[in-house]
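Trainee: Could we go through this model together, one question at a time? I would like to see how each answer is reached.

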Amino acid sequence: MHKTDDERRNGQIVRVLSELAMSVQQVGSPSVVRLGFGPFELNVAERSLKKANRNIPLGGRAYDILIALLENAGETVSKAELIAKVWPDVTVEEGGLRVHLSALRKALGDGQFGDKYIANIQGHGYRFIAPVTRLPAERDRDSASAGLSNLPPALGRMVGRDDVVPEIRSWLRTGQRLITVLGAGGMGKTTVALAVARQASADFSGAAFFVDLSAVSDKEQVIGAVASAIGLDLRFADPEKALLDFLRPRRALIILDSCEHLIKKTAEIADTVLQNASGIHMLATSREALQVAGERVLRLRPLDCPPEQPGLTASQVLAYPAAQLFVERVSARGGDCSLSDDEAPIVAEICRKLDGIALAIELAAGRAAIFGVRNTVARLGSRLDLLKFGRRTANPRHQTLKATLDWSHDHLSEVERVVLRRVAIFVVHFTLEAAFAAVWEEGIGECEIADAVRSLVDKSLVIASNKFRKTFYRLLDTTRSYALEKLAVSGEHHSIAMRHANFSIQLLENKQDQYLRFAARGSSSGVAPRPSRKHPSRAGVELWSRRKRPHGPEIGGRSFSAVSGDVASFGM
Ligand SMILES: Nc1ncnc2c1ncn2[C@@H]1O[C@H](COP(=O)(O)OP(=O)(O)OP(=O)(O)O)[C@@H](O)[C@H]1O
Ligand SMILES: [Mg+2]
């Protein structure tokens, strides 16, 4: 049965559309039926060609040739193929093809003013050589239209963050165009960014896009990931130019989620967009800042935890977001959702031990739903258990704490890895001098160590705080547990523990007078807390020393008794 011309044309359109629709489905973006090249816009469904919003008249055959060339843009289409596509059921001479092709070229102004669209490949056929961009459908061109967003639906209630979300929104409203939500793995950065985007999308007429960079491993694919999220086909175009051309006239909010592993490339793109597309606002989430001019950083704090205070009741504990999250996740897993006053302090302890990290609390809640809170708090003492608490339903990076920390660790330099595992020997705070003493080795001098510590701070693996005009560093407990595992595996634990002990003693010998003043003042100084006999740092020194000298412990030839008691953790 012979197809009519219209049926054939429709078939062709369906092919183009179905291909476009497939990519659309993959990215969840709006339907796309427009292609752009040079100043032209081709509406595939309407069979119309526009230049600067003016209709360009084009005959049916010329239009079919254009479609056939665009379908294979960048590749040579032989004359025979073109004829077969445009006149599938009739025999047509090459002369006929040339006539319509020349009409098409005339309509495009091909070759005029340096614009070149169709190349004649001698002896082979024709090739469409200009970059082609897939454009959203006409009805979606104006970002004011609804339904443009590809934000994933919220899967549950966001706990806390009542201060952070409005703050970021207000920054967006006052013209801040690049905001980075910074924080350690699992802290809740993506959760916050999505909450902001859902609330702020109305300010962008619904044009809010989520770019999941965690799924991208190659920096060359970052632009492609952004383009996919906003529904732009870059197949035949110069990616960066096409992206900027597309974004320049638009107003939208773009979430760049999980930038840390592609930080340089993402920073470059964000910078270019900032400079070239004034209507585009970006909200990045990362464990490390982009460090682009114009970036505003919000360091996400852990969820607030109940304080260490005897006799806290269930309702007092549940006033804190960390405890709310824990209890909600326990009940979501089918566990007992009522918190008794008896168990409240245990839940408070779990939250504190997990540093208020949302992901860690969720993982612990999963365990508590099965084994109970008492059992869970007991297991938190074990580093291995803590890192292995798991769930299968999350993305791989969030299935265990170990996996989320691996994600950061995998992207560290070798020196950063050495520094991270060695500074894990410090139980509480450490100074740069302490890090030098614990980490130093041939080839890793003070400069390298200082740089690495700062870089670990940038990457949210080490926390820095200033007190008394001095910078103190520390690891979150979960990070420390992870790094201690690495230290044990490296076989360096013993030697680093010795350095730690030696450093402690040396420090105390040098600063005995100063220490005694601090000790007399007690922990209220905030610098030299009076550690208890249980203090792990002190216990470590003591244990090590006893093992060495059961009848009179010495470290490095010095009597342990000379530095006994709480002195062992001074400065740490
Ligand atoms: N405020 C919150 N309320 C409820 N759940 C939360 C909250 N914050 C985080 N979560 C949950 O904790 C887990 C980790 O959160 P999220 O993915 O936002 O962390 P992240 O900081 O983006 O982690 P990553 O650094 O790995 O990207 C998720 O399962 C999320 O649902
Ligand atoms: Mg995230």
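Trainee: Which exposed residues does α9 carry on the face turned away from its buried side?

Mentor: This is a predicted model, and the answer should be read with that in mind. The buried side of α9 is made up of Ile263, Thr266, Ala267, Ile269, Ala270 and Val273. On the face turned away from that side, the exposed residues are Lys264 and Gln275.

Trainee: What span does α9 reach from its first C-alpha to its last?

Mentor: Helix α9 runs over residues 263-276, which is 14 residues. At 1.5 Å a residue, the span expected for α9 is close to the one it reaches between its first and last C-alpha, namely 20 Å.

Trainee: Which elements are included in what covers the buried residues of α9, and how many residues of α7 are buried?

Mentor: The cover over the buried residues of α9 includes the strands β9 (178-182), β11 (252-257) and β12 (280-286), together with the helices α7 (222-230) and α8 (239-247). Of these, α7 is itself mostly covered, and its buried residues include Val222, Ile223 and Ala225. The number of buried residues in α7 is 8 of its 9.

Trainee: Between which domains does ligand 1 lie?

Mentor: The shell around ligand 1 holds 22 residues, among which Gly188, Lys189, Thr190, Thr191 and Ala358 come nearest. Helices α6 (189-200) and α13 (358-371) each supply at least two residues of that shell. Because both domains give residues to the shell, ligand 1 lies between domain 2 (147-299) and domain 3 (314-399).

Trainee: Where is Gln291, what is its phi, and is it exposed, partly exposed or buried?

Mentor: Most residues other than glycine have a negative phi. Gln291, found in the loop between β12 and β13 (295-299), has a positive phi of about 55° although it is not a glycine. With 13 other C-beta atoms within 10 Å, Gln291 counts as partly exposed.

Trainee: Where does Phe468 lie, and is it exposed or buried?

Mentor: Phe468 lies in the loop between β14 (463-467) and β15 (470-474), and it has a positive phi of about 50° although it is not a glycine.

Trainee: How far apart in space are Ser382 and Ser481, C-alpha to C-alpha?

Mentor: Ser382 has its place in the loop between α14 (373-379) and α15 (383-388), where, with 11 C-beta neighbours inside 10 Å, Ser382 counts as exposed. Ser382 and Ser481 are 99 residues apart in sequence, while in space their C-alpha to C-alpha distance is 8.8 Å.

Technical notes. Residues are numbered from 1 along each chain as its sequence is written. Chains are lettered from A and ligands numbered from 1 in the order in which they are written. This is a predicted model: local features need pLDDT of at least 70, side-chain atom pairs count only at pLDDT 80 or more; totals for chains, interfaces and linings use all residues. A residue is near a molecule or strand if its C-beta atom, placed from the backbone, lies within 6 Å of it. Helices (H or I, at least four residues) and strands (E, at least two) are DSSP runs, numbered from the N terminus. Domain bounds come from an automatic or database domain assignment. The expected span of a helix is 1.5 Å times one less than its number of residues. A residue is buried if 20 or more other C-beta atoms lie within 10 Å of its own, exposed if 12 or fewer, and partly exposed in between; C-beta atoms are placed from the backbone. Two residues are in contact if their C-beta atoms, placed from the backbone, lie within 7 Å.
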